[in-house]
Each structure stands twice: as structure tokens, then as C-alpha cells.
Amino acid sequence: MGFPHNPHARETVLLSQYFGDPEARSYKGWVKRGGYEALQQALAMPPAAVTDVVKESGLRGRGGAGFPTGLKWTFMPKEKDKKKPHYLCVNADESEPGTFKDREIMRWTPHALLEGTLITMHAIQADVAYIYIRGEFTEPFAVMEQALAEATAAKALGTFKIYLHKGAGAYICGEETALMSSIEGKRGNPRIKPPFPAAFGVFGMPTTINNVETLAVVPHIITHGAAWHKAMSLSSPKSTGTKLFSVCGHIQKPGNYEVTMGFPLKDLVYELAGGMRPGRTLKACIPGGSSVPILNREETERCLLDYEGCVAEGTLLGSGGVIVFDDSADMVYQIMRLARFYAHESCAQCTQCREGTAWTTKILERVLAGQGKMQDLDLLLDLAENMTGKTICVLSDSCAAPVVSGIKKFRGEFEDYIAGRRRAMVA
Ligand SMILES: Cc1cc2nc3c(=O)[nH]c(=O)nc-3n(C[C@H](O)[C@H](O)[C@H](O)COP(=O)(O)O)c2cc1C
């Protein structure tokens, strides 16, 4: 597959090179661009050898947690121990606020995802794959449907079966075990782990789950090799390859930008995405989708966009949804809106999450209404403490992260509301 190849380039275009090229959507157009060659190459290799290449490449999951992809595949029962059907779930639920990159992969390069899915199915010996696509993604679903029909007609699937499944319309359905419950026709509630999906996944069978972006890059790794992918890194050797960042908020050129891991966040914000609106300055940034701690201006200008670089600034790379706030942003209001989202999306199984997200929202609404007390800030931090690391999934941790970092970095704005020095413009 042809693309400008310079492993050390700051902007290497692997996943987004055909965004906007309608011909790349068709099976014929994809094959013309070198598509499905990697699949043939992988099918000629033993499954474990394919897994080894991906493991060696340093690829880590792009869905949020950054778990090493090849290592995850090794958790599946080995070929000789295969006694039950194996499944692959493709997480295309993409509901994380600020994240819209999987949508573009499916809209423009549906065959990249299908090819990555088929290679992964071979590696983990899966018989069936479910691509779980966010219910609201009407156009990406139609594009994927057409691509699957064309690939099936061209016999690219061999004996593998791929089904497209419409998401159930809840953020929590993107959590891996909730997604599996949803595929099974149940309410999308997360399940306690262990057992992990590789032992007991969808329909109780060994299952691997990966994000769309994770799988779409796999054909490139097979074609060009592990060392090539591993060399693509501007900072930490533990973060390799490219990453798509969705940039939104108070920014001149919102959109998806693909850069090499370790790219400076400030260059993404000020250069590629065009910087602030005229007369405005940067106030804050959430680099990894709404679930990660907020960075202030100084941290944003220091942060390197890879797993380690984000941790060094006290945040996470997450899903790569970069939300930018300029100096006009009311951080108390913004944090309340995030909390309200998590309260609305909590599946309500765990008390800490059900009560914690709801009370966090109520207290923040009270502060915004000018009825807060100074003790409310400690109460919010205390609630956040009880919402972190104590539930089945990390939805409640995700609600706590922006609250804790927001109070720490923008405490003055909260105090202004409580002391009556500021009034909310919106409710
Ligand atoms: C509340 C919640 C929502 C999530 N939503 C998504 C999602 O929309 N898409 C996604 O790929 N991962 C999502 N994840 C992460 C998945 O649970 C899982 O880690 C991911 O699909 C694994 O794929 P990867 O290893 O390729 O990143 C979510 C996690 C949580 C806790």
C-alpha cells in the first residue's frame, strides 16, 4: 500500500491518506491501492506468527486504555487448544465526547477495517466477527454494509463471517463487556472481570475485542513489518505508530489529524488545527476524550501526545479526542456538562457510579445557580474519591477525572460562583 513513508516524520499518513477519496471506498478501488495484499500475506503465515508481528510492532489499543494489542491476542486459547468457537468484537461504538476518528475510518476506508478484521480473525482463530457500530452512525453503517457486500461477493472473506451490529444508543455500550451483553441481545451492562473476554466473552466463548483504529492499522504492520512500525515514534519507545486525533472546541480548524506518536500537543493545537479564534488565548485542553483529566495552558504546551507523555502531565491519551477551551470558557459550566453526561449514561449497577455521578451533577448545578457553599468543593472531591477504582467499569472514574482536575486547576472560578462574584450565562 503506497503512502509517504518516513518513519520519523511528525505527520505520517497511514490511516487518513484516503480520507476524502470516494474511489477508495469500493472493493475495486481498495485493491487498486494495494488493499487485501496484507490479508493474503497474513493468511500464508501461521496465526501465532501474525500475532508475534503485531506484538513486536508495539501497537497499543486505540480505544482508550492503550493495552498492547498483540499481547491481548495471545490470551486467546491457542490453535491446538481450540475447543470452542472464537469471536472477534470490533468496537465501533465511538461515543466518547470529542472523539470522531473511527467514524471517518469507516466512512472513507471501510475495507481497511474489514482487512484488519480478517487478519485479526486469522491471528486469534476467530470464526465470527461482530462490528458493533454506534447506532447514530447512519452513513458509516451504510458504507460498511456496501463494503462488506462487495468483499463477500469478491470472496475476500473465505470462511470467515463478519456481521455488522447497530449500537444500542448508550455510551456504556462502548465498554467492552457491555458491548458483548448488547450483542447478546441483553441490556448493555458491564460485567465484572475476571473472567476476561479471552476466557468468557460474547456468548460465553473466547473473545477478543479491539477498537476500529487499532484494527485498521494492522494491514500496514503486516505489509511493512514490526520494525517499521516500532521505529515510528517521536518520544517514548513504548508508544509507536501514528494516531488519529479528533480536535474540537474553541479551535479554528476542527477535524481529524494523524500524527506520529510523541507529537507535541501544542503543535497540534496551534499549527495543524489553526490555533485559537482571533483575540482569544488558550485556557485548557482535554487531550484524550472527555474521560481524562483536564490540562491547563502550561501543561498543554508541554504535553507530548503519546501514552507516557500524557501521563507525565497527569492526564491520559485515552481515545485521542482533543477538546480545546479558550479564555472565554466557563470551566465550572463545562465540568457540570461533562458530569451531567456521565450521570445520564451511568448504567446504574454500581452505587458509587449511580449516586456519585448524579450527586456530582446536582452539586455543580447548585454552584452554578449561585447556591453553592465553599464546603461543596471538598464534598465534590470526596465524592470523586469514592467514585474512583471502586466500580465494575471506569465510567464513574471518568466522571471524577475532569471534576478533580478542574477543581485543582480552576478553583478560583468555582469560588467566584460560590462567593456570588459570578453568575451563570446558561443553565
Ligand atoms: C464507559 C466506557 C466506554 C467506552 N467506549 C468505547 C468506545 O466507544 N470505543 C472503543 O473502542 N472503546 C471504548 N471503551 C474501551 C473498551 O472497553 C475497550 O478497552 C476497547 O474496545 C479495547 O480495544 P483496544 O484494545 O483496541 O483499544 C470504553 C470503555 C468504557 C469504560
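Colleague: Which residues point one way from β4, and which the other way?

Modeller: Please bear in mind that this is a predicted model. T207, I209 and N211 point one way from β4, whereas T208 and N210 point the other way. The residues on both sides are buried.

Colleague: Why is strand β4 described as largely enclosed by the rest of the structure?

Modeller: Buried means under 20% relative accessible area. Strand β4 covers residues 207–211, and five of its five residues are buried, so the strand is largely enclosed by the rest of the structure.

Colleague: How many bridges join β1 to β4, and do the two run parallel or antiparallel?

Modeller: In general, strands of a sheet pair through backbone hydrogen bonds, in either a parallel or an antiparallel manner. Here, strand β1 (residues 87–92) is joined to β4 by five bridges, and the two run parallel. N91 stands opposite N211 in β4.

Colleague: What is the order of strands in the open sheet of five strands?

Modeller: The order is β6-β5-β11-β8-β9, and the pairing is mixed. β6 (255–260) and β9 (295–296) stand at the edges; each has a single partner strand, so one side of each is left without a neighbour in the sheet. Strand β8 (residues 282–286) runs antiparallel to β9, with two bridges joining them. A284 stands opposite N296 in β9.

Colleague: Which backbone oxygen does the side chain of T300 reach?

Modeller: The side chain of T300 reaches the backbone oxygen of N296, at 2.7 Å. T300 lies in helix α13 (residues 297–302) and is buried, with a relative accessible area of 1%. Beyond its neighbours within four places in sequence, T300 is in contact with L265, K266, L282, A284, C285 and L295.

Colleague: Is K230 buried or partly exposed?

Modeller: K230 counts as partly exposed, because its relative accessibility is 40%. This residue belongs to helix α11 (residues 226–231). Leaving aside neighbours within four places in sequence, K230 is in contact with E56, S57 and T240. The C-alpha atoms of K230 and I124 are separated by 22 Å, the two residues being 106 residues apart along the chain.

Colleague: Which residues form a nonpolar patch on the surface?

Modeller: The patch is formed by F67, L71 and F75, with about 260 Å² of accessible area together. Of these, L71 is found in helix α4 (residues 69–74). L71 counts as partly exposed, because its relative accessibility is 31%.

How values were computed: Residues are numbered from 1 along each chain as its sequence is written. This is a predicted model: local features need pLDDT of at least 70, side-chain atom pairs count only at pLDDT 80 or more; totals for chains, interfaces and linings use all residues. Side-chain values use heavy atoms; hydrogens and water are left out. Patches are made of residues with over 30% relative accessible area and no salt bridge: like charges are joined within 9 Å, nonpolar side chains (Val, Leu, Ile, Met, Phe, Trp, Tyr) within 5 Å. Accessible areas come from the Shrake-Rupley method with a 1.4 Å probe; for residues, only the protein chains shown count as cover. A salt bridge is a side-chain nitrogen of Lys or Arg within 4 Å of a carboxyl oxygen of Asp or Glu. Helices (H or I, at least four residues) and strands (E, at least two) are DSSP runs, numbered from the N terminus. Buried means under 20% relative accessible area, exposed over 50%, partly exposed in between (1.4 Å probe, protein chains only). Two strands pair if DSSP finds at least two bridges between them. A polar contact is a pair of N or O atoms within 3.5 Å; within protein, one must be able to donate a hydrogen and the other to accept it, and residues adjacent in sequence count only if both atoms are side-chain atoms. Contact means heavy atoms within 4.5 Å.
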